[in-house]
Amino acid sequence: MTDITSPSHRHTSAARGEQVKVLLVEDSCDYAELVCDMLEESAPELSVTTRSGIADAQAALSGEKFDCVIMDLGLPDARGLTGMRRLVACAPENPVVVLTGRDDDVIGLEAVKEGAQDYLVKARTDGDLLARAISYAIERKSVALELARHADQVQAFAERQRDFVASASHELRTPLTSIMGYLELVLDDPDADPQESRGHVEVAYRNSQRLLALVEDLLTVNGLDTGNLPLTPAAVDGREILAPAADLAQGLCALAGVSFEYEPLAAGVIVQADAARTTKVLENLLGNAVKFTPPDGSVHLRAQARDGRLEIEVGDTGIGIPANDIPHIFERFFRSPDAVRKAVPGTGLGLSIAKSLIEAQSGGITVASRPGEGTTFTVSLPLTLEQSWPGSS
Amino acid sequence: MARILVVDDDPDVLALVSFRIRKAGHKVIAVSGGQEALETVAARGAPDLAVLDVTMPDLDGLTLLQRLRAHAGLEALPAIFLSARVQPEDIEAGRALGATYLTKPFVATALLNAINASLEESSAAPTDGGW
Ligand SMILES: Nc1ncnc2c1ncn2[C@@H]1O[C@H](COP(=O)(O)OP(=O)(O)OP(=O)(O)O)[C@@H](O)[C@H]1O
Ligand SMILES: [Mg+2]
């Protein structure tokens, strides 16, 4: 989360030393002129535009961007706070300062509660005071907006978290249903055929493995969400990332009757990455490639350094991904209807984890696929500086 | 003996539920998705009861039940939802269709009791079909 108190997040014109545009909403010409004169003397960086009613002010605000609105409450087309409410509603990002003839604490407080940054009484306001009120109002408003944005983020996060827990509960219950159900079958019938019982236990065991993998994925997702997943990037030789994934894929492909092509990377291609986690990502991509490739197809893994990046390609000659599923495959819990219909096991977390992990390392992941022909995922990671700037070492 | 349609997208759960129901003496037709369920019913005739998963990729169980009930003669098809969704609003949505709602993981006796209760309640007496 960002530090909302840090000044670097505030970009007011005043802070940048630019001209500050003030909209003055005042129906008395004389007083408007007086305000302009006072401000010109106290704060020449302010440029003041005057409007004499709410409707005109609204029109000005919709056409032009102002940094601050100063308004009277006794305007011809809207008296009291009604007019202020309308202005606040039509320009919620604008700080509003009330400058009125009426010295009334109750209305003043009410105005501030309804979004005004300040309530000044004409008779007791001079140029310096007004200039200071304007610059404070702008600052306060920008902090308030930042806080509101922050609150929105927190709320969105809480909502995502709630959805996540509900989805996670659902996903965990599915393997548990088989674990408990098949064990219950065995327990219910002590005289059952041992062969049959063994079959039931095997299903329970398989689902326990599935449950474990799921728990690990859920922890990773949660760690990514809460920033509790420390990545330890270091300069590593690309082969250290690729080789263990290639070994695993070799085994998976042999089991599935799919051929595997691996072109080992040349030595000395050094990337800045968390090797263990990046290997996991490749294993996941290779696991998908094998899952979605029918027997006699092929899966490949190859890598090359290009334009300051290591590009790793995991390709297959499998079922491919329909074009309208492509935008969703990196979403959590997404599995193509095709995958489900064919009863390919999985939860739909693998690619979302892969994307987050790779992006957290300043890398990228892309996909190209043709239904019926195959799919290729490309992961790219930055090379260490020495290599992307040849000659500097 | 009744004819029971079982729909679940998880193959292990589908096999488990079917096994339990068969052992209780019913005829089972097991399918792994909503579309397949609709096609099967169209081709092979009406079941006496449906046991349905809720979260399925092609068609969710609630919609599936409504589509099934749109078939002539199936307007009052009794159903049991068997779902890993356990939020009160999910359960409410299932019951609103007049179905029994059981959550996963489930205990076999609970499922079988619910099946018997639904069959007894439904007016249509089980007939000998083509399954
Ligand atoms: N190589 C591929 N070929 C075809 N479809 C793929 C391929 N890789 C991913 N997909 C599609 O993208 C979906 C999401 O993949 P992802 O790895 O996130 O989930 P999963 O493999 O189903 O489950 P998990 O990885 O969590 O066990 C898959 O279900 C599948 O529909
Ligand atoms: Mg996967």
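## Interface of chain B and chain A

Chain B and chain A bury about 1900 Å² between them. Buried area here is the accessible area (1.4 Å probe) that two parts lose on being put together, summed over both. Carbon and sulfur atoms give 58% of the buried area. The size of an interface is often given in this way, as the accessible area lost when the parts come together. This is a predicted model: local features need pLDDT of at least 70, side-chain atom pairs count only at pLDDT 80 or more, and totals for chains, interfaces and linings use all residues. Residues are numbered from 1 along each chain as its sequence is written, chains are lettered from A and ligands numbered from 1 in the order in which they are written, and side-chain values use heavy atoms, with hydrogens and water left out.

The contact (heavy atoms within 4.5 Å) takes 24 residues from chain A and 21 residues from chain B. On the chain B side, D12(B), L16(B) and P105(B) lose the most area to chain A. Together they make up 29% of what that side buries.

Four salt bridges cross the interface of chain B and chain A. A salt bridge is a side-chain nitrogen of Lys or Arg within 4 Å of a carboxyl oxygen of Asp or Glu. D12(B) pairs with R206(A) in a salt bridge, with the closest N and O atoms 2.8 Å apart. Helix α1 (residues 11–23) of chain B gives the most to the side that touches chain A, eight residues. Helices (H or I, at least four residues) and strands (E, at least two) are DSSP runs, numbered from the N terminus.

That side of chain B divides into 12 nonpolar, two polar and seven charged residues. Ala, Val, Leu, Ile, Met, Phe, Trp, Tyr, Cys and Pro count as nonpolar, Asp, Glu, Lys and Arg as charged, and the others, Gly among them, as polar.

## Ligand 1

A side-chain N or O atom of K291(A) is 2.6 Å from an oxygen atom of ligand 1. For R335(A), a polar side-chain atom lies 3.1 Å from a ligand 1 oxygen. L349(A) uses its backbone: an N or O atom there lies 2.8 Å from an oxygen atom of ligand 1. Taken alone, ligand 1 exposes 600 Å² (Shrake-Rupley method, 1.4 Å probe), and the protein buries 95% of that.

## Salt bridges over all chains

The count over all chains is 24 salt bridges. One of them joins E114(A) and R85(A), whose closest N and O atoms are 2.6 Å apart. E114(A) lies in the loop between α4 (105–113) and β7 (118–121) of chain A and R85(A) in helix α3 (residues 81–90), so the pair ties together parts that are 29 residues apart in sequence.

## Backbone exceptions

Most residues other than glycine have a negative phi, and most peptide bonds are trans. K104(B) and P105(B) are joined by a cis peptide bond, with omega about -5°. P105(B) sits in the loop between β5 (100–103) and α5 (108–121) of chain B.

D307(A) is not a glycine, yet has a positive phi of about 50°. The place of D307(A) is the loop between β11 (298–306) and β12 (309–316) of chain A.

Note on methods
A polar contact is a pair of N or O atoms within 3.5 Å; within protein, one must be able to donate a hydrogen and the other to accept it, and residues adjacent in sequence count only if both atoms are side-chain atoms.
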